[in-house]
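This report looks at a few local features of one protein model, taking a single residue, a helix pair and a helix face in turn.

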Amino acid sequence: MEYYNNMVCVGYQDLEPVIRYETLKKMVSRGRVERINRGGGEGSPALIVYSSLPEKYRTRFQQQVGDPVEIMRERMIKESIHIDTEAREYYESYQYWLNGTETHLTQRLVEEYTVNASVLRELLRLTERRSALRKSMGGSMRSVWDGIAASSERLRESYHHTLPANEARLRDRIKAFKEDGYKSVISGKIGNRNTLKITEEVGEQLIAMKRSRVPVYTDTQLWEAYNEMAEERGWKPLRSLSGLKAWINSPAVMPLWYDAVHGEQAARQKFGRKHKTLLPSVRDALWYGDGTKLNLYYQDERGQVRTTSVYEVIDAYSEVLLGYYVSDREDFEAQYHAYRMAIQVSGHKPYEIVHDNQGGHKKIKSFMDRLCRVNRNTQPYNGESKTIEAVFGRFQSQVLHKDWRFTGQNVTAVKKSSRPNIEFVEENNDSLYTWNELLDAYATARREWNNAKHPKYDCSRWELYQRSVNEETQEVTVHDMVDMFWVTCGRLSTFTDQGIQITVGKKRLQYEVFSEPGKPDHAWRRRHTYEQFVVKYDPSDLSSIRLYTRDRSGGLRFERIAEPYLTVHRAIQEQQEGDARFIRQEQEASMQDRIERQALGRAIEYDHGTAPEQNGLRTPRLKGATEDVEREIERRVRKYSRNPEEIQLGRLTKRVSLSDWRDQEEQQNQLRKVMSKM
């Protein structure tokens with residue numbers, strides 16, 4: 001048993017336990033088994049190529065003698081050279097371009113290159129050791145290479161490597177291995193793109209044409225168009241349409257064009273890995289929230305036939321529809337009310353909520369973080385991964401389908417029973433639901449679904465939900481309802497001269513701070529106008545909002561409650577009782593704000609010597625203000641509002657006589673100042 005020309009071969013004597021000699025001889029003569037005659041007489045007996053033996057004999061041989069590949073490998077390991085495991089890993093992972101795709105080396109080449117690399121490593125070690133010895137001994141390099149060539153041939157007998165026997169070529173291979181390592185062992189013919197019809201460049205061109213939408217090619221048209229292009233560019237033409245189709249539809253190439261031809265969602269569903277999951281075993285472990293079309297036609301106030309949407313929240317364990325909200329948009333308002341109803345029906349916080357991160361979910365995220373322990377989103381447009389999509393489908397087909405106003409299921413539905421009878425609906429459009437009737441009909445359909453038998457358990461969905469207990473979910477209290485359903489605005493809001501504005505459901509709302517009912521707090525406004533606040537509000541009650549400041553640690557500090565901004569009629573004819581009084585009140589308050597700002601600012605100027613009057617200039621008067629306003633400002637400026645110095649001697653001595661010893665020093669200083677001026 002040995003390697004010969006990189007093939008595992010066995011001798012006649014090796015096959016004696018599994019096949020009779022005469023039988024083997026007949027199979028060789030008939031060409032059913034490959035025999036190798038190496039020549040050399042009796043010292044070199046003929047060998048049988050092991051892989052050419054019929055399968056039954058190979059199986060019998062492995063059972064009685066063993067796997068010849070493993071036997072040869074173990075025999076090689078026992079020899080002096082260590083088979084390089086790193087080389088094997090390198091060649092097994094090596095990829096090269098073959099017919100337009102990246103491919104691995106064959107196992108035969110991996111074995112050959114591993115042996116060659118192992119031998120080259122040993123020869124390189126011998127070369128370096130003997131070269132060092134030659135330099136120290138002053139010997140000839142000629143003798144070193146003669147010895148290396150002889151060692152290579154001896155190793156060929158044991159390992160059957162395919163390194164060149166020519167000494168010069170062997171020397172070049174050892175030098176290349178020293179410089180480039182494992183890569184130098186790989187034949188230059190491997191991955192030689194000049195011999196390929198579908199090279200990397202050609203492959204990219206074919207993929208680009210397959211992805212083309214202007215024009216769109218069939219496979220036949222693609223084949224014809226490419227061959228015309230190949231002739232112009234000097235490429236090799238593709239002779240076989242079937243070969244092109246096989247390449248285009250190969251596993252490595254198909255993902256590169258499938259999305260352009262069939263759509264990205266189709267590509268994702270075809271090539272994306274699918275999870276295998278188990279549904280929860282208790283209630284409230286997992287809630288799903290999602291919006292869908294409310295599959296019933298109704299007639300609006302103008303008599304037009306319409307449909308609308310609904311946002312539903314379901315319990316994944318029981319399939320109970322817990323909360324919902326009907327509206328034309330899947331926005332924050334719909335989601336807020338649906339989750340609020342689900343909490344009220346359940347009486348417990350869910351452990352986990354899963355949604356698709358569409359619509360208003362980004363705005364409601366902080367709310368859902370308070371609602372449950374885990375809040376996560378699934379991929380949008382990935383209905384097959386969500387339980388709620390399957391529930392929607394069965395709810396539509398089993399309950400809503402009973403109503404002749406049924407709009408049908410998804411437009412991709414194949415069954416005709418999943419489609420509406422448009423002719424009947426058009427004929428009876430005067431009998432369609434009104435909006436309020438639609439809401440009542442949908443509520444009735446939900447109750448029917450919840451009270452129907454669960455497909456897995458011998459009870460209704462609602463009974464299953466009521467009987468289940470989840471000890472890890474928290475019962476909801478009144479305080480929890482307040483904490484959960486007050487929503488924080490996603491961005492900071494600035495309090496301006498027109499109050500503070502927030503947006504709820506695409507509607508702008510304006511608020512301000514009051515010191516008492518009907519009276520804006522101007523003292524607070526003077527300190528906080530153009531300051532940014534975190535705003536919290538209850539979407540169910542927008543009569544007030546709360547303003548918070550954020551400290552450096554990220555914590556919130558309550559500031560004030562703001563109420564809707566007061567409005568008055570501009571036209572006197574339309575003004576209501578109290579409007580004129582409010583306008584006068586605010587005019588006076590605004591003037592007081594101006595006085596306060598001027599008084600404080602001028603006082604600071606005088607204290608620091610920067611007032612215009614202290615530098616030979618004048619401060620401009622307030623526009624639109626009276627003399628009384630100017631006098632009030634001057635009175636409130638600290639420079640003029642402090643007590644005047646006494647300059648009359650009689651009054652000063654009288655005051656000194658009425659004082660006690662605690663004020664003696666100060667009064668004597670004042671007396672000296674007066675005497676110095678006289």
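In this predicted model, Asn450 has a relative accessible area of 10%, and because this value lies under 20%, the residue is classed as buried. Asn450 is placed in helix 18, which spans residues 435-451. The side chain of Asn450 reaches the backbone nitrogen of Leu321 at 2.8 Å, and, leaving aside residues up to four places away in sequence, Asn450 touches Glu319, Val320, Leu321, Ser460, Arg461 and Trp462.

Helix 18 also packs against helix 16 (residues 387-398), at an angle of about 110° and with the two axes 11 Å apart. The angle falls in the range of 65 to 115 degrees, and helix 16 and helix 18 are therefore roughly perpendicular to each other. The residues that make this contact are listed by helix below.

| Helix | Residues in the contact |
|---|---|
| Helix 16 | Val391, Arg394, Phe395, Gln398 |
| Helix 18 | Tyr442, Ala445, Arg446, Trp449 |

Sorted by class, the contact between helix 16 and helix 18 comprises five nonpolar residues, one polar residue and two charged residues.

Elsewhere in the model, helix 5 (residues 85-93) has Ala87, Arg88 and Tyr91 as its buried residues. These residues lie on the same side of helix 5, because they cover an arc of only 100° around the axis. Glu86 and Glu89, by contrast, are exposed and sit on the face of helix 5 turned away from the buried side. At the start of helix 5, a side-chain oxygen of Asp84 comes to within 3.0 Å of the backbone nitrogen of Glu86.

Notes:
Residues numbered from 1 in each chain as written. Predicted model: local features only at pLDDT ≥ 70, side-chain atom pairs only at ≥ 80, totals over all residues. Heavy atoms only, no water. Helix = DSSP H or I, 4+ residues; strand = E, 2+ residues; numbered from the N terminus. Buried < 20%, exposed > 50% of the residue type's maximum accessible area, 1.4 Å probe, protein only. Polar contact = N/O pair within 3.5 Å; in protein donor to acceptor, adjacent residues only side chain to side chain. Contact = heavy atoms within 4.5 Å. Axes fitted to C-alpha atoms, helices over the stretch in contact; angles between N-to-C directions. Parallel < 35°, antiparallel > 145°, perpendicular 65-115°, else oblique. Nonpolar A, V, L, I, M, F, W, Y, C, P; charged D, E, K, R; others polar. Arc of directions from axis to C-beta.
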